[in-house]
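The following exercises concern the way in which two chains meet.

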Amino acid sequence: MSNNNDGRRRGDEDEEDEEEEGGEVAMEAWERAYADERSWESLQEDESGLLRPIDNKAIHHAHYRRRLLLHQSASSLRIQKGLIRYLYIVIDLSRAAAETDFRPSRMAVVAKCVEAFIKEFFDQNPLSHVGIVIIKDGIAQRLTDLGGSPELQIKALMGKLECSGDSSLQNALDLVHGFLNQSPSYGHREVLILYSALSTCDPGDIMETIEKCKKSKIRCSVVGLSAEIYICKHLCEETGGEYSVALDESHFKELLLEHAPPPPALAEYAIANLIKMGFPQRGAEGVISLCSCHKEAKFGGGYTCPRCKARVCELPTECRICGLTLVSSPHLARSYHHLFPIMPFDEMQHALPGNLSQKQPQTCFGCRQSLSHGSTSGLYVSCPNCSQYFCLDCDIYIHESLHNCPGCESLRNTKAVDAMKT
Amino acid sequence: MASKLYTDDVSLVVVLLDVNPFFWGGALKKTTTTTTNSPSVLSFSNFLNHVLPFLNSILLLNQLNQVVVIASGANTCGYIYDSSETNTSEAGVGGSGRMPDLCERVLGSLEEFVVNDQRTGWGADPTAANAASGMLSGSLSLALCYIQRVVRGGLLHPQPRILCVQGSPDGPEQYVAVMNSIFSAQRSMVPIDSCVIGVQHSAFLQQASYITGGVYLKPQQLDGLFQYLSMVFATDLHSRNFIQLPKPVGVDFRASCFCHKKTIDMGYVCSVCLSIFCKQHKKCSTCGSEFNHPHLEPISTSEQK
Amino acid sequence: MPQVRILAKNFMDMVAALPATKLDKLYENPFICEAVLRSLPPLAKKYALQLLFIDSPISAKTMEGWVLADGISKHRVAIDRLLQLRVFLEEIDRKKESTYKLNPKFQGNIQKYLVYGGSLPRQPMPSNVTVRLPTSVDLETYALEQWEGFLLQLISSSQVEKLTSFSASMMKFFQRGLLSPRENEAPKLTENGFQFLLMDTNAQLWYIIREYISTAEGRGVEQMDLISFLLELSFHTMGEAYNLNTLTDIQRSVIKDLANLGLVKLQQGRKESWFIPTKLATNLSVSLSDSSARKQGFVVVETNFRMYSYSTSKLHCEILRLFSRIEYQLPNLIVGAITKESLYNAFENGITSDQIISFLQENAHPRVAERIPAVPENVTDQIRLWENDRNRVEMALAHVYEDFPSKEVFEATCDFARDMGGLLWEDTDKKRLVIRGEYHQDMKDFLRRQK
């Protein structure tokens, strides 16, 4: 507990702590919020002395632009992303996981965050598989097989939340290595270890195991809950993974979720392949059909294999009859915005009201909001491709959620041009 | 807090109208050739006779209801009506004194839209095969931008939903854009209702309604379109919890391949970027990965344990 | 606040309570049809729309098939309401099953509305006659000023600079139930009065209008005419000018009262005079349905019990003063603190903690309204605790008996009181006891018998 807290209180807050000990100028938590932010300094008055609300929009948008451009420069090289991932989550359930520096305990926090992580993971990596391994009493055991159903994984984990004994990194790595070696070569093999203990109790030389993982191209990442450990750092460096240590619960969650988006694919890690897949149709509600996976008549729903017309209950799966990989196409489509990102829009500035020589756009093409009164700064953006004008709000929405330029999409000509480019 | 305010039946309905001349022209041709008893064909003016009262009825149900109409034509799509702009624009035009008559305004801007749409089309080569499809991706994107603006407006906003009235066939080349819009709608919990008035089912709209929790309906009798619209699509989201709505008749999950923009139900998927192709390729045209084992069909061979 | 809905619905109940013939007559006016339709519960609206172009009656059984199993209670409520308002007419068919049909007048009017679009109750005046029309912003400030002025006059006539021209008797009538008159002193707000002040504007408006309508007959105005005129008024376009000559004499007298409330603004040109409906008027029919008025909040409450209200309104200040200590007043900012004393004051006046909390929550400034909870928990808890504090002591009437002649008499009295269950306290040494107030008569009889 103390360990953690000390880590968080840094810099200027130290001064206040001293003052507090002095006993004179002790500040309440709420007072400190004002003292730190000095919020009164940003107050603005209008001509008649009325207080004006602060306009954060321009600042907000500037933040976003920086993020966008950063992202843009990073992905300009068309980095290949590993979208098919085979990931084992290794959860340390040794004695150390019972510590209560995270409330109510490390174990409970880990379980909660893993649940969120698995959901997010499947959202971002539609065709990937996840399995869970736990370390307890010095041995590693596999809780669930690699699979595509988030609910099953979460359920299995929630049933096994007890901790005892020591932790063993080597046992865990050996076990995972055995399983991942069987996964298809086009998939990315990954291990994510959530490590609570400060030591590892191994039966042999862990360096050999690390070397083995490296050879099998298993990318190992560790999120620690206590302090930085050399062996973990070494493991991550060797295998190309990431190592981080959480300060508190929210930070832990943040670190964990950073592993959800697909990592940049390193060419040697996975062999690219074309996989034949079928996109089955969903049957009408209320129709009775014979199901190939349960071998019984089912009522309504279900999907039909496009090749052999057999009925299956869930996607993604493999057809029992003809062996075709069946996926739901929307599942694939979720990741397409990674492939075809829209260009960042050009920033424009409204000319002063007096200057009428320049033709100025009146409303945002996307939402029809007036561009002149939308923000005080008079900023707006324009798409370099279709040269339609957008307001700052739409700019953010288009790039962060919609991933379509409404201007380009609503002109058939530009689309033809676009299609040729890609 | 926000959900508490959602119990109201106040709605914002963004209606995407298909005014593609290729579709309506084709429909007209059919009526003249097949003469009588073809209830599945509707002329454009009749279509408007059904839709305009429907728009009126949405506005009638609640004074706070809002209707936005977006037309999608052969080459462009754009806003043609926004009920929230009624007061300002009408007063500004010099107060003709008439009640903001929805029909008149819709028809007026529709005409303007069609003329503009045609003019935009002149520059392009008139490949009818391409232009015959709807402009779903563009109109959906516009609708979502508009809805975002309303939602941004504060905690108290009408519940948004989108209604697509489409007759033109899907344009497979819009696949990625349409799917992007659908997912964005799903994230912002905006249901997309679809009313298909064409001859064929629309795979795009089936998926859109299925994923976003909207209603998909292909009316049998187009001459009773208003009744369908008022029975099904006028239902606010709150009442949908209590009402029997048409059950989905299956969803067409077919995708479009990236190489030829064809709709396919089986294809090859790049393991690196998940691009879909209808044929074997040596190199992925999207991410540039080279495929060294061009023939590796079932995963199962390598996954056997 | 629950009162909002009850009051607003009450108005439609008033309409529903009209005799069938009068109700049918009301439906001749398309605006009434429209307003009534909008006031219905969502499901009922949908049914009315669904049957709009169906001429043959629909059996009740068929309609039940339209809803899912857990919607059946809502379905019943909807059908009941439709029947009460005579939008649906019930008929028993040959198979003795009940069928429903739309009221033909209602049906005709709504059909017309849908096909031809709405029309205006009356034509606005051309803009060359009506010079210097107020802008919509001006109009809104005017409406609010009028309304707040009226409210201020209602609760404390001393505070107001300009009085409305409501007659004193009218004012008295409005104040009935809200204020309790005291001799030689300004009247004091009653519990209802406070609740009234904490309601939102539309609910307050309807309360006043209901009172106004119920007294209409005393002024020689037919209730039905008034109802239809008010509903019609809400369909005028805000900010347009309408000639007063188009109104009947009765309506002209009514409109002067409405101008006092801020529903319309009256203006006089060279030859003609006209009225301009404000937002309050056009919102009238909106607030009849469940959807509450949409307005922006202004209050920020902090964990240290300080309250910042971004408002220029004097009325807001007065309302806040009811339960908090106002410390500073800037042009558009009121700073106050919620203290134990200020709250005790409020509780004494019959305001409940729930009312205060819901007022703070519903008027939360947009910046804090997104937070959950909008009002800090420690503040809401403390408000409730302080209220509970007051309830720790329960007042009950009691009587003290002392100076007993002998110990025997005292003990006999104690036993008697104990048997009745009225003994509260006894002191054997000093021979004193306290009895519940309601047993006083019995005790007197008993003591008399002892003598």
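**Exercise 1.** Determine in which sense β9(A) and strand β9 of chain B pair, and over how many bridges.

*Solution.* Strands are DSSP runs of E of at least two residues, and helices are runs of H or I of at least four, numbered from the N terminus. Two strands pair if DSSP finds at least two bridges between them. β9(A) and β9 (residues 266-270) of chain B pair in the antiparallel sense, over five bridges. Within β9(B), C270(B) is the bridge partner of L274(A).

The model is predicted: local features need pLDDT of at least 70 and side-chain atom pairs pLDDT 80 or more, whereas totals for chains, interfaces and linings use all residues. Residues are numbered from 1 along each chain as its sequence is written, and chains are lettered from A and ligands numbered from 1 in the order in which they are written.

**Exercise 2.** Describe how α13(A) and helix α7 of chain B pack.

*Solution.* Axes are lines fitted to C-alpha atoms, for helices over the stretch in contact, and angles run from 0 to 180 degrees between N-to-C directions. α13(A) and α7 (residues 136-152) of chain B pack at about 120 degrees, with axes 10 Å apart. α13(A) is therefore oblique to α7(B) (under 35 degrees is roughly parallel, over 145 roughly antiparallel, 65 to 115 roughly perpendicular, the rest oblique).

**Exercise 3.** State how many residues of each chain are in contact.

*Solution.* Contact requires C-beta atoms, placed from the backbone, within 7 Å. By this criterion, 63 residues of chain A are in contact with 73 residues of chain B.

How values were computed: Contact = placed C-beta atoms within 7 Å.
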